[in-house]
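Biologist: I'd like to learn how to read a model like this one. Could you walk me through it?

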Amino acid sequence: MAFLTNYATTSSIGMVQIGANINVDSNGVISTSDGGGAGSISGTWTPTVTSSLGGIITLTVRTANYVKNGKQVNCYFDFVILSETSGGVTGTLTLNGLPFISVNGTGIVGTALVNYIENFTTSQTFITGTIAGSATQVLLWGTHQASTSERLTKDDIKPTTRLAGTITYQSAT
């Protein structure tokens, strides 16, 4: 028995289409769109860390990738603090440079989870982050052997501090 149906075809933009609206691009990324914007896209982003009291915090970025599927954005990061200069030690830390502006809203519209931490100056048991509406930054929070989270400060980090984790949020577009 023979079927005259094409199971996979190549689109005009170089994607292989498998069935209706399922595509695989040349990098092996699977999407559910014809590439017109509603499907999955991936790329890199440039994380930076800043302190509310100024100073310069320099990073060595090992990984900074994202996957956006519709409005859902998942970012992956792994970086090491290379140096930190000036600014007050009590300045709260913010992770900047998310690849898309978060959806407009009040309260928390996304979260970060730091899965791996190394070489902190204070004893950290858990590090998370929150994303506000219409933002491209993550407010970093730490738990210091207590049950309440506090904003991570410049005093908590030093050169060789390493953070690796994931960020999940809804984008505005």
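Modeller: We'll go from the overall fold to ring pairs, charges over rings and one glutamate. This is a predicted model, so to speak of local features we need pLDDT of at least 70, and side-chain atom pairs count only at pLDDT 80 or more, while totals for chains, interfaces and linings use all residues. Residues are numbered from 1 along each chain as its sequence is written, and side-chain values use heavy atoms, with hydrogens and water left out.

Biologist: How many helices and strands are there in the protein chain?

Modeller: Helices (H or I, at least four residues) and strands (E, at least two) are DSSP runs, numbered from the N terminus. Here you get zero helices and 14 strands.

Biologist: And what share of the residues counts as buried?

Modeller: Buried means under 20% relative accessible area, exposed over 50%, and partly exposed in between, with a 1.4 Å probe and protein chains only. Of the 173 residues in the protein chain, 35% are buried. For contacts (heavy atoms within 4.5 Å), take those between residues at least 6 apart in sequence: 62% of them join residues at least 24 apart.

Biologist: How many aromatic pairs are there?

Modeller: Rings of Phe, Tyr and Trp (its six-membered ring) pair if their centres lie within 6.5 Å; planes under 30 degrees apart are stacked, over 60 edge-to-face, and the rest tilted. That rule gives two aromatic pairs. One of them is Y66 with F100: the ring centres are 5.3 Å apart and the planes sit at 85°, so it's edge-to-face. Y66 is in strand β7 (residues 56-69) and F100 in the loop between β9 (93-96) and β10 (108-118), so the pair ties together parts 34 residues apart in sequence.

Biologist: Which residue lies over the face of F100?

Modeller: A charge sits over a ring if NZ of Lys or CZ of Arg is within 6 Å of the ring centre and within 35 degrees of the ring normal. For F100 that's K68, 5.1 Å from the ring centre. Likewise, R151 lies over the face of W141, at 5.7 Å.

Biologist: What does E84 touch?

Modeller: Leaving out residues up to four places away in sequence, E84 touches I56, I57, K154, I157, K158 and P159. E84 is in strand β8 (residues 72-85) and is partly exposed, at 22% relative accessible area. The C-alpha atoms of E84 and T50 are separated by 9.8 Å, with the two residues 34 apart along the chain.
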